[in-house]
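Morning, everyone. I have one model to walk through today. Let me put it on the screen.

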Amino acid sequence: MGAPIADHAGLATVHVGGMVIADPGVVVSEIRKRRGLSQKVVAERSGMSQPALSRIEGGGGIPDIATLLRLGAAMGVRFRVELVVDDDTTEIEPLTVHHRQLTNA
């Protein structure tokens, strides 16, 4: 597992070996905990079961974009997901997930 999630200008990321990457489950878990929310509350707000959220947070699968959007809304954040391919290789780079806290306008 990488270093703890760092917050740079409102973006949650994990830094591993000079790369900025994040496991979406780690990011979701860290945001949820920082906001003082239980898995049950976030799961209910996002329309999923608590065991499903637990699996995501535990690395049991990568949530689809729609699920990330619902989880973000449930926690008051908005996710930006980037899939990046390194031009020097044919391998796909790890999924990177950023979030920004939503402001009350």
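At what angle do the axes of helix 1 and helix 3 cross? Roughly 115°, and the axes come within 7 Å. Axes here are lines fitted to C-alpha atoms, for helices over the stretch in contact, with angles running from 0 to 180 degrees between N-to-C directions. Helix 1 is residues 24-34, helix 3 is residues 50-57.

The contact (heavy atoms within 4.5 Å) uses Gly-25, Val-26, Val-28, Ser-29 and Arg-32 from helix 1. Helix 3 answers with Leu-53, Ile-56 and Glu-57. By class, that is 4 nonpolar, 2 polar and 2 charged residues. For the classes, Ala, Val, Leu, Ile, Met, Phe, Trp, Tyr, Cys and Pro count as nonpolar, Asp, Glu, Lys and Arg as charged, and the others, Gly among them, as polar.

Some ground rules. This is a predicted model: local features need pLDDT of at least 70, side-chain atom pairs count only at pLDDT 80 or more, and totals for chains, interfaces and linings use all residues. Residues are numbered from 1 along each chain as its sequence is written, and side-chain values use heavy atoms, with hydrogens and water left out.

Now the overall layout. There are 4 helices and 5 strands, in the order β-β-β-α-α-α-α-β-β. Both are DSSP runs numbered from the N terminus: helices are H or I with at least four residues, strands E with at least two. Of the 105 residues, 38% are buried. Buried means under 20% relative accessible area, with a 1.4 Å probe and protein chains only.

Back to helix 1. Its buried residues are Pro-24, Gly-25, Val-27, Val-28, Ser-29, Ile-31 and Arg-32. After the helix comes Gly-36, with a positive phi near 70°.

Is Arg-32 buried or exposed? Buried, at 9% relative accessible area. Its side chain makes a polar contact of 2.7 Å with that of Glu-57. That term means a pair of N or O atoms within 3.5 Å; within protein, one must be able to donate a hydrogen and the other to accept it, and residues adjacent in sequence count only if both atoms are side-chain atoms. Leaving aside residues up to four places away in sequence, Arg-32 also touches residues including Leu-37, Val-42, Leu-53 and Met-75.

Definitions and conventions. Buried < 20%, exposed > 50% of the residue type's maximum accessible area, 1.4 Å probe, protein only.
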